[in-house]
Amino acid sequence: MPSLDELLQKLWEDFVGFNPHALAIHDLLARRGETVVNDHIAFRTYDHPKLNIKVLARSFIEFGYQARGDYCFEAKKLNAKHYEHPESSRPKVFISELKLAECSENLN
């Protein structure tokens with residue numbers, strides 16, 4: 001199993017692979033001497049048993065993250081949780097899931 005640092009690095013690499021402008025902005029700020037701090041990571045998923053909040057949170061919990069908040073966004077049909085690591089320098093993790101049963105049948 002990778003370390004937490006390796007997991008976070010892999011997530012960053014995947015993110016900038018899909019969003020190359022994020023890397024360009026990060027590099028520009030770094031060249032200016034700025035310290036870029038990633039204070040949180042957000043994931044969007046569905047309330048499907050193979051892909052829900054519990055599934056996505058599992059790896060972070062194994063690395064010591066703890067659930068710190070539950071949220072319900074009725075109008076957007078979302079449930080969400082946020083997790084924090086005991087080391088405050090680690091990014092918070094926010095995971096929201098779309099409540100599929102509340103969506104129109106056209107979505108399915």
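This is a predicted model: local features need pLDDT of at least 70, side-chain atom pairs count only at pLDDT 80 or more; totals for chains, interfaces and linings use all residues.
Local features need pLDDT of at least 70 and side-chain atom pairs count only at pLDDT 80 or more, while totals for chains, interfaces and linings use all residues. Residues are numbered from 1 along each chain as its sequence is written, and side-chain values use heavy atoms, with hydrogens and water left out.

Buried means under 20% relative accessible area, exposed over 50%, and partly exposed in between, with a 1.4 Å probe and protein chains only. Leaving aside neighbours within four places in sequence, I95 is in contact (heavy atoms within 4.5 Å) with F43, T45, I53, L56, A57, N79, A80, K81 and Y83.

Helix α3 has I53, A57 and F60 buried. These residues lie on the same side of α3 because they cover an arc of only 50 degrees around the axis, taken from the directions from the helix axis to the C-beta atoms. An α-helix has 3.6 residues a turn, so residues three or four places apart point the same way. The cover over the buried residues of α3 includes α1, β1, β3 (78–84) and β4.

S96, in strand β4, is buried, with a relative accessible area of 7%. Not counting residues up to four places away in sequence, S96 touches F43, R44, T45, N79 and A80. S88 lies in the loop between β3 and β4 and is exposed, at 73% relative accessible area.

The largest pocket has a volume of about 590 Å³. A pocket is an open set of points on a 1 Å grid over the protein atoms alone, where a 1.4 Å probe fits, with protein on both sides within 12 Å along at least five of seven lines; lining residues have an atom within 4 Å of a point. Grid points are joined across faces, edges and corners, and the volume is the space filled by probe spheres set on them. Of the 17 lining residues, L8, W12, N38, H40 and I41 lie nearest the centre. The elements giving two or more residues to this lining are α1 and β1, and α1 gives the most, with six.

Technical notes:
Helices (H or I, at least four residues) and strands (E, at least two) are DSSP runs, numbered from the N terminus.
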